[in-house]
Amino acid sequence: MKKTKNESECCEIVVQLLEKKTGYNRSAETIPDLVDRNNKAADRYIELGPTRYLIEHTTIQPYPESRKSDAQFQKFCALFSDRGSQRISNEMSAELNLSYAIHTIPDSRIHNFFEAVMNWVEVTLPKSPNLNEGRLFEVFKTNIDQIDIDLVVRAPEIFRGQLRPQRQSPSNLEELRFSVIENALAKKLSKFSQENSKTALTVLVFEFDDLALSAHPNIISKIEKLCTKCENIPHELFLIDTYQSPWKIWHVIDNQKIKLDRYQNL
């Protein structure tokens with residue numbers, strides 16, 4: 001089982017909240033990953049008084065392949081940084097917007113892709129733009145290795161003389177986000193059903209750490225809609241935003257019921 005960087009901390013936060021809710025301190029605790037990283041058990045088992053809990057953590061991606069897209073974009077930015085600042089006129093600033101589909105570029109091609117993009121930028125970037133009284137000058141578009149790329153040239157209100165790489169989100173982000181949450185919920189409920197959950201209460205911890213997913217009311221609403229269709233929803237469900245400190249926590253499901261104050265940060 002792959003362990004994410006915040007899994008232990010997220011689970012510990014939830015355990016402490018359950019201790020506070022039940023009035024019991026944990027009398028027993030098992031973390032299977034500490035014994036066998038390849039196990040397929042729940043992430044954590046605890047006992048609070050007479051009750052046993054199965055706790056499962058998962059990270060919600062903004063869209064499928066977003067982690068790989070993150071990785072490939074960071075590699076592109078590292079090459080950009082190694083090359084040094086791209087010289088452009090102080091009369092403008094520019095944004096190099098790469099499609100989220102950069103995840104399709106394999107590691108063996110990322111350097112060649114970078115060079116092709118920068119060669120296109122060099123021949124495309126205006127040398128002495130007509131800034132049109134400070135308004136947006138022009139948007140240039142191309143496609144390299146099936147990756148859509150926009151070069152946006154602006155009047156230099158900020159970032160004068162700078163070219164900055166950025167990554168675009170999918171145009172149907174909301175639809176993809178709903179699909180990711182739906183798949184994550186189905187996967188974890190299936191896992192709970194395979195465990196001995198008849199003698200334990202199930203706890204699901206959803207974590208998100210991407211700016212594109214920071215609209216927590218949308219996520220909670222989607223979880224609520226999905227859970228109304230489930231025959232066996234988790235006994236407890238927590239949502240944790242780890243994008244920036246301090247983390248934000250919402251208790252969405254309590255005793256298999258959608259909480260009335262689910263939108264209130266704990």
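# Close-up views of a predicted model

View 1. Helix α3 comprises 18 residues and extends 26 Å from its first C-alpha to its last, close to the 26 Å expected at 1.5 Å a residue. The model shown in this and the following views is predicted. Helix α3 spans residues 107-124, and its buried residues are I110, F113, F114, V117, M118, W120, V121 and T124. Viewed down the axis of α3, these buried residues fall within an arc of 155°, so they line one face of the helix. An α-helix has 3.6 residues a turn, so residues three or four places apart point the same way. S108 and V123, on the other side of α3, are exposed. The packing partners of the buried α3 residues are α2, β4, β5, β6 and β7.

View 2. Four strands form an open sheet in the order β5-β6-β4-β7, and their pairing is mixed. Helix α3 lies across β4, β5, β6 (147-154) and β7, running at about 150° to β5. Helix α2 lies across β4 and β7, and runs at about 170° to β7.

**View 3. The cysteines C77 and C227.** C77 is found in helix α2, which covers residues 66-83. The relative accessible area of C77 is 18%, and this residue is therefore buried, the limit for that class being under 20%. C227 has a relative accessible area of 5% and is likewise buried. A search of the whole structure finds zero disulfides. The C-alpha atoms of C77 and R164 are 9.3 Å apart in space, although the two residues are 87 residues apart in sequence.

**View 4. The seven-stranded sheet.** Seven strands build an open sheet of mixed pairing, in the order β1-β2-β3-β8-β9-β10-β11. At its edges are β1 (26-30) and β11 (257-258), each of which pairs on one side only. Helix α4 (residues 173-194) packs on this sheet, where it touches β3 and β8, and its direction makes about 150° with that of β8. Strands of a sheet pair through backbone hydrogen bonds, either parallel or antiparallel. Strands β8 and β9 (residues 236-241) run parallel and are joined by six bridges. The bridge partner of E207 in β9 is I240.

**View 5. Strand β3 between its two neighbours.** Strand β3 (residues 51-59) is mostly covered, with seven of its nine residues buried. With strand β2 (residues 44-48), β3 pairs in the antiparallel sense over five bridges. I46 stands opposite Y53 of β3. The hairpin of β2 and β3 has two residues between the strands, and in this hairpin G49 takes a positive phi near 60°. With strand β8 (residues 201-208), β3 runs parallel, and seven bridges join the two strands.

View 6. Helix α5 (residues 216-227) lies across β8, β9, β10 (248-254) and β11, and runs at about 15° to β10. R262 is located in the segment after β11. At 14% relative accessibility, R262 counts as buried, because this value is under 20%. Leaving aside neighbours within four places in sequence, R262 is in contact with I220, E224, W250, H251 and V252.

Note on methods. Residues are numbered from 1 along each chain as its sequence is written. This is a predicted model: local features need pLDDT of at least 70, side-chain atom pairs count only at pLDDT 80 or more; totals for chains, interfaces and linings use all residues. Side-chain values use heavy atoms; hydrogens and water are left out. Buried means under 20% relative accessible area, exposed over 50%, partly exposed in between (1.4 Å probe, protein chains only). Two strands pair if DSSP finds at least two bridges between them. A disulfide is a pair of cysteine sulfur atoms within 2.5 Å. Contact means heavy atoms within 4.5 Å. Axes are lines fitted to C-alpha atoms, for helices over the stretch in contact, and angles run from 0 to 180 degrees between N-to-C directions. The expected span of a helix is 1.5 Å times one less than its number of residues. The arc is that of the directions from the helix axis to the C-beta atoms.
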